[in-house]
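Subject: A structure to look through

Dear colleague,

I am passing on a structure that I would like you to open and look through before you read further. Below it I have set out what was found, one topic at a time.

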Amino acid sequence: MYKYWYAVEKQGAFYIGFCFAQEESTESDLVEIMQEYCRRKAYRMTLLVQITPIGIVNQIYPGECTEESRMCLEEILNAVMQ
């Protein structure tokens, strides 16, 4: 089982959290599931990453790094390190 961190936005406020996925799940499956979750909760997904135990970050969503995703990643890394 793999652990993923995400950041979502709603009405200008950002929230971070984590979820788990089975090893056989693909990244596209995970993005699809997270997008459905965001639709149901009226969130906008801003970042989805996997952080390995040795600190390697695999950014899954969005496909390219943006100023917003960098800001969210910094907050996620702060939460992971606590």
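In this predicted model, R70 counts as partly exposed, at a relative accessibility of 43%, and its side chain meets that of E67 in a salt bridge with 3.5 Å from N to O. E67, at 58% relative accessibility, counts as exposed. Both residues belong to helix α2, where they stand 3 residues apart, and they are therefore separated by about one helical turn.

How many salt bridges are there by the rule applied here? The count comes to 4, and the general idea behind them is that side chains of opposite charge can pair when their charged atoms come close. A further one joins E68 to R44, with the closest N and O atoms 2.8 Å apart. Because E68 lies in helix α2 while R44 lies in strand β3, this pair ties together parts that are 24 residues apart in sequence. Both partners are partly exposed, E68 at 28% relative accessibility and R44 at 38%. Through shared partners, salt bridges also join E9, R44 and E68 into one network.

E36 is partly exposed, with a relative accessible area of 33%, whereas R39, at 55%, counts as exposed.

Which of its residues are buried? They are S69, C72, L73 and I76, and because they cover an arc of only 105 degrees around the axis, they sit on the same side of α2. These buried residues pack against β1 (2-10), β2, β3 and β4 (57-61), while the face turned away from the buried side carries the exposed residues E67 and M81.

The last topic is the aromatic rings, for which the count comes to 5 aromatic pairs. One of them is formed by Y15 and Y43, a tilted pair with 6.2 Å from centre to centre and 45 degrees between the planes. Since Y15 lies in strand β2 (residues 13-21) and Y43 in the loop between α1 (27-41) and β3 (44-51), the pair ties together parts that are 28 residues apart in sequence. Y15 is partly exposed, with a relative accessible area of 42%, and Y43 is also partly exposed, at 26%.

A further pair is that of F18 and F20, whose ring centres lie 5.8 Å apart; because their planes stand at 85 degrees, and over 60 degrees counts as edge-to-face, the pair is edge-to-face. F18 is partly exposed at 43%, and F20 is partly exposed at 48%.

Note on methods. Residues numbered from 1 in each chain as written. Predicted model: local features only at pLDDT ≥ 70, side-chain atom pairs only at ≥ 80, totals over all residues. Heavy atoms only, no water. Phe/Tyr/Trp six-rings, centres within 6.5 Å; stacked < 30°, edge-to-face > 60°. Helix = DSSP H or I, 4+ residues; strand = E, 2+ residues; numbered from the N terminus. Buried < 20%, exposed > 50% of the residue type's maximum accessible area, 1.4 Å probe, protein only. Arc of directions from axis to C-beta. Contact = heavy atoms within 4.5 Å.
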